[in-house]
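Biologist: I'm new to this one. Can you walk me through it?

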Amino acid sequence: MDVTQIDHEDENVSEIPAVICSERKLKEDKLPSFKKNEGKIENIDGIRGVSQFFENPIYGKENNDRNSIGDMVIVHRPTNQAHVIKSLVQENRKFRCCTFVFFLTTISFLVVSLLLTVLMLRQTDQHQFPSYTQGNKSEQQELTPCSGRPCFNSGSCLNTNGSYVCVCPKGYSGRLCEADPCDGFSCQNGGSKTVLGTTCLCTCRSGFSGSLCEVTPCSYQPCFHDGSCSISGNSFSCNCSNGYSGKLCEVTPCSSNPCVNSGSCVNVNGSYGCFCPMGYSGRYCEVDPCDGFSCENGGTKTISAATCQCICRSGISGSSCEVTPCSSQPCLHEGSCSLSGNSFNCKCSNGFSGKLCEVTPCSSSPCINSGSCLNANGSYACFCPKGYSGKRCEVDPCDGFTCDNGGTKSVSGRTCQCTCRRGFSGSSCEETPCSSQPCFHEGSCSVSGDQFSCSCSEGYTGTLCEVTSCSSSPCENSGLCSNSNGSFVCACPTGYSGRRCEETPCSNNPCLHNGICSVASSNFSCSCPAGYSGDSCEVTPCISNPCQTREHTGYSGTRCEVTPCSGNICLNQGTCSIVNSYFRCTCKSGFSGRFCEVTPCTSNPCRCGTCSVSGSGYACRCPSGLQGNRCEVLFDKTITSPRFPSAYTSNLNLAWTIDAGSRNKVKIKFTRFDLEACCDFVKIYNGASASNLLGSFNGKNIPSDLETTVRYMYITFTTDHSVENSGFSADIYKIIT
């Protein structure tokens with residue numbers, strides 16, 4: 001049974017609650033309705049029909065009471081009619097009677113409470129304020145300021161000092177409580193205000209709400225999409241933005257779903273825009289991913305999801321069917337690939353063959369001796385290891401190679417090596433017994449068998465020309481002997497001079513008046529005869545001029561003609577003057593001493609040469625082989641790299657030890673220098689071993705001069721296996737100290 005069809009049948013049933021707790025024969029009143037609907041429930045069993053009726057959702061509606069009795073009467077069969085109707089009517093009467101009794105009880109309680117309150121207030125006034133009397137004492141009627149009930153709106157009057165004060169209920173104010181809660185209160189949008197209890201309430205027009213009627217039909221912003229809302233009576237109307245329509249402006253430019261292919265529509269400035277899925281485009285997303293897309297090599301295109309895909313022929317692949325059997329470039333060595341069905345064919349370049357053109361001119365390994373074969377223009381070329389050559393690298397490293405000094409050559413690995421005779425060495429047996437320059441003092445070395453012999457320069461002897469002119473120690477007085485041009489040169493200590501340093505500070509007889517001269521350190525000392533004194537015994541017994549008066553002190557002679565300056569006492573062109581009976585020598589620039597005897601040469605500044613005074617200084621005249629301002633630099637020899645100035649050889653490891661003699665130093669001055677920049681080196685050491693490095697040099701820049709602080713200099717020259725330059729030349733000097 002469709003229970004919704006009976007909601008409005010027999011609507012006069014809703015008037016049943018109008019008579020509360022009265023007897024009424026519902027059966028007679030509703031019998032016509034029952035008969036009218038009896039046919040609708042013939043197929044529903046008694047109790048099941050009743051249960052289905054009570055499960056009907058219409059009993060959740062607000063008009064449930066209105067439909068309950070009448071509809072329930074309709075759904076019951078005639079066999080249960082009297083019992084069911086009676087039970088329902090009784091229950092309905094009980095509910096309505098109880099509701100009415102509760103309402104009357106509540107009203108009675110409120111009235112009684114109000115009366116008791118008024119009575120208590122009057123009793124309080126009678127006990128709190130003094131009474132006034134009128135007429136005779138027998139009547140004594142009490143009159144107070146509150147007797148006239150001056151307080152409005154149920155305000156309580158209190159007598160105070162012959163006057164009164166109104167205590168106003170909550171929400172009221174003023175002296176007489178005449179200001180109610182609605183004073184100064186306003187209701188918006190045409191609402192009317194009323195006082196309820198202690199508050200002011202607004203009664204709003206239809207369509208308005210809120211405590212001040214401030215809530216209008218437009219307050220909840222019913223107009224969509226920025227439509228403007230305006231009030232019309234108790235309703236509203238929407239003024240829609242450009243492109244929008246409908247009662248609530250709910251109809252947008254996108255409402256017609258203009259975007260195709262699942263494009264997302266967005267309202268924009270009164271129109272719309274389509275956000276297309278990946279692969280789609282166009283104003284309406286009408287351009288699919290395959291528009292403008294092509295499949296190569298006979299492939300067919302189809303749309304899958306948001307992309308355009310190609311279905312390729314057998315043997316073809318790739319997103320655009322661009323990958324063919326030739327795409328992997330299967331043909332080697334620049335062979336051209338062509339498609340043949342779902343496979344390929346290779347057309348090989350000149351000199352190449354095979355299915356993939358893999359057979360090359362080098363496939364037969366024509367290069368020997370580990371040569372690398374390279375395909376070139378249909379033929380081959382061999383890249384040979386170092387030392388090998390020829391079209392097939394058949395020429396080994398020893399072809400055209402010679403070993404010096406009778407060495408024999410043999411191939412070892414990729415190089416040609418020389419097996420040298422005894423006493424010879426080097427990569428080409430170029431190192432002879434004379435290569436280490438064993439002959440000293442520029443002696444000439446010559447090879448004899450596997451040995452060497454030295455032919456010495458003039459003045460030198462010995463197996464290695466080691467015996468020099470100085471070997472016999474010709475220099476006297478601790479002079480330092482140096483060899484020079486087959487002879488010797490003596491470097492004299494301070495105060496000594498002469499070829500053999502035989503000239504001592506006493507050689508010039510500096511002691512006057514037969515004084516005895518002796519050498520003390522680097523100067524002289526005079527032992528004077530009795531009566532004489534002074535550094536040079538220049539003070540005589542007559543120096544005090546005992547024969548003359550005080551005015552002639554310092555003079556002598558029978559006529560006092562001998563003055564303190566007589567006898568040219570000031571040496572070296574010094575000027576003599578008499579001061580207080582004594583002489584005083586004024587010396588030329590560069591000279592000093594009491595007698596101007598100290599000259600620029602007195603300190604023996606020349607190490608080995610002859611010193612001569614020159615102006616206010618000195619000049620050294622050096623023996624042959626010596627140079628320098630003080631003749632302190634003695635040229636020793638020149639050393640060079642092997643074969644200089646021709647290219648030196650590979651794998652050299654040479655060393656020179658230079659000895660300048662006791663207390664002397666060594667100086668080296670390079671005159672030519674050309675070594676391989678990366679790998680060949682000349683190293684100079686301070687001392688007789690490779691422990692204190694002064695400098696390491698390679699390349700083409702000539703190194704600066706170097707000087708040791710000790711008597712020895714150690715020099716090494718090393719080369720690698722490749723690149724041979726012209727080498728170096730350097731002069732060796734001994735510094736006489």
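Modeller: Here is a short tour, from the whole chain down to single residues.
Modeller: This is a predicted model, where local features need pLDDT of at least 70, side-chain atom pairs count only at pLDDT 80 or more, and totals for chains, interfaces and linings use all residues. Residues are numbered from 1 along each chain as its sequence is written, and side-chain values use heavy atoms, with hydrogens and water left out.

Biologist: How many helices and strands does the protein chain have?
Modeller: Four helices and 35 strands. Both are DSSP runs, numbered from the N terminus: helices are H or I with at least four residues, strands are E with at least two.

Biologist: And how much of the chain is buried?
Modeller: Buried residues make up 32% of the 737 residues. Buried means under 20% relative accessible area, exposed means over 50%, and partly exposed is in between (1.4 Å probe, protein chains only).

Biologist: On to sheets. What is the strand order in the open sheet of five strands?
Modeller: The order is β27-β28-β35-β30-β33, with antiparallel pairing. The edge strands are β27 (626-627) and β33 (706-707), and each pairs on one side only. Two strands pair if DSSP finds at least two bridges between them.

Biologist: How many bridges link β30 and β35?
Modeller: Nine, between residues 665-674 of β30 and residues 727-735 of β35. Phe-670 stands opposite Ala-730 in β35.

Biologist: Which residue takes a positive phi in the hairpin of β21 and β22?
Modeller: Ser-521, with phi near 60 degrees. The hairpin has two residues between its strands. Five bridges join β21 (residues 516-520) to the antiparallel β22 (residues 523-527). Val-519 has Phe-524 in β22 as its bridge partner.

Biologist: Switching topic. How many disulfides are there?
Modeller: The structure holds 40. Here a disulfide is a pair of cysteine sulfur atoms within 2.5 Å.

Biologist: Give me a few. How far apart are the sulfur atoms of Cys-168 and Cys-177?
Modeller: 2.1 Å. The link is left-handed, with -95 degrees about the S-S bond. Cys-168 is partly exposed at 23% relative accessible area, while Cys-177 is buried at 0%.

Biologist: Where do Cys-259 and Cys-274 sit?
Modeller: Cys-259 is in the loop between β6 (235-239) and β7 (264-268), and Cys-274 is in strand β8 (residues 271-275), 15 residues apart. Their disulfide has an S to S distance of 1.8 Å. Both cysteines are buried.

Biologist: Why is the disulfide of Cys-475 and Cys-490 left-handed?
Modeller: Because the torsion about its S-S bond is about -90 degrees. Cys-475 lies in the loop between β18 (451-455) and β19 (480-484), and Cys-490 in strand β20 (residues 487-491), so the pair ties together parts that are 15 residues apart in sequence.

Biologist: What about Cys-98?
Modeller: Cys-98 is in no disulfide; the nearest cysteine sulfur, that of Cys-97, is 6.9 Å away. Cys-98 is exposed, at 54% relative accessible area.

Biologist: Last one. Is Thr-360 buried or exposed?
Modeller: Buried, because its relative accessible area is 12%. Thr-360 is in the loop between β12 (343-347) and β13 (372-376). Leaving out residues up to four places away in sequence, Thr-360 touches His-333, Gly-351, Phe-352 and Asn-375. Contact means heavy atoms within 4.5 Å.
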